[in-house]
Amino acid sequence: MTTAAPSEGFPYRLIATDLDGTLLRSDESISSRTRDALAAATAAGAAHIVVTGRAVPWTRHILDDLGYEGLAVCGQGAQVYDAGEHRLLTSVTLDRQLAGVALAKIEAEVGPLFLAASRDGLDGDVLVGDGYAVTGTLPSTPLSDVSELWAAPLNKIYIQHPTLTDDQLAEAAQLAAGGFVSVAMAGEGIVELLPLGLTKATGLSLAARRLGLKAADTIAFGDMPNDIAMFAWAAHSVAMANAHEELKAIADEVTSSNEEDGIAVVLERLLA
């Protein structure tokens, strides 16, 4: 599958957007202005790929509600999902032995962690242990015994700490276990342990290749440090006004916030 060349009024053939804090407003909706801007860009020949830290089970309902039928990169790059066909095209899982070593090393440095984990697959459960605070009302399954973490393939493990900030925990995890897993800080209360070397850029490059596109064709939008690799991969990167300062520092430009149609502001300018 390939996309048509965009018109002279729009310089990119691929638009990659994060979901939470970027494409979605705080109520998980997309404004009509942003919808219209994306529709105009796709009418000009560009493809749109959603690139999110959420695994497919926590993403699918949003894409269905939006009527989104393209490719989505989920699970911090672990999964490439065809939203139109409700089909998982690729999936990378966490080495559970390495993950166990990583957890032990992190806890040896910072003390006990609160844990959750995302199981692989279209309908993989998100297991949530005692003390772990889930953001919003996303469906999850209580984890009564930590040994249950290892009973089935995982995309990621989520970690929280009773006193450390997200940035402090992510830094400590990277120092203690960066040789065993990748560490991503994806939002408030969301620090993740992933397959070593996995980033959003990994999944985005695979999805782009399926469309006959490449990094040089891409403009990317995001808001958190887990978008850094995607920004480095894309030809042009745009951080939201509400973005983490670490991401703003490496972005090519900063737009308005997700609540103020930041994506639309940039697309409208490029389409003008």
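This is a predicted model: local features need pLDDT of at least 70, side-chain atom pairs count only at pLDDT 80 or more; totals for chains, interfaces and linings use all residues.
Local features need pLDDT of at least 70 and side-chain atom pairs count only at pLDDT 80 or more, while totals for chains, interfaces and linings use all residues. Residues are numbered from 1 along each chain as its sequence is written, and side-chain values use heavy atoms, without hydrogens and water.

Helix α3 (residues 96-110) packs against helix α4 (residues 166-177) at about 120 degrees, with the axes 9 Å apart. On the α3 side the contact (heavy atoms within 4.5 Å) is made by Ala 102, Lys 105, Ile 106, Glu 109 and Val 110, and on the α4 side by Ala 172, Ala 173, Ala 176 and Ala 177. By class, seven of these residues are nonpolar, none polar and two charged.

The structure holds 11 salt bridges (a side-chain nitrogen of Lys or Arg within 4 Å of a carboxyl oxygen of Asp or Glu). Three of them are listed here.

| Pair | N to O distance |
|---|---|
| Lys 200 and Asp 18 | 2.9 Å |
| Lys 214 and Asp 217 | 3.8 Å |
| Lys 248 and Glu 245 | 3.5 Å |

Lys 200 lies in helix α5 (residues 200-210) and Asp 18 in the loop between β1 (14-17) and α1 (32-43), so their bridge ties together parts 182 residues apart in sequence. Both Lys 200 and Asp 18 are buried (under 20% relative accessible area; exposed is over 50%, partly exposed in between, with a 1.4 Å probe and protein chains only). Lys 248 is partly exposed at 22%, and Glu 245 is exposed at 55%. Salt bridges with shared partners join Asp 18, Lys 200 and Asp 227 into one network.

Technical notes. Axes are lines fitted to C-alpha atoms, for helices over the stretch in contact, and angles run from 0 to 180 degrees between N-to-C directions. Helices (H or I, at least four residues) and strands (E, at least two) are DSSP runs, numbered from the N terminus. Ala, Val, Leu, Ile, Met, Phe, Trp, Tyr, Cys and Pro count as nonpolar, Asp, Glu, Lys and Arg as charged, and the others, Gly among them, as polar.
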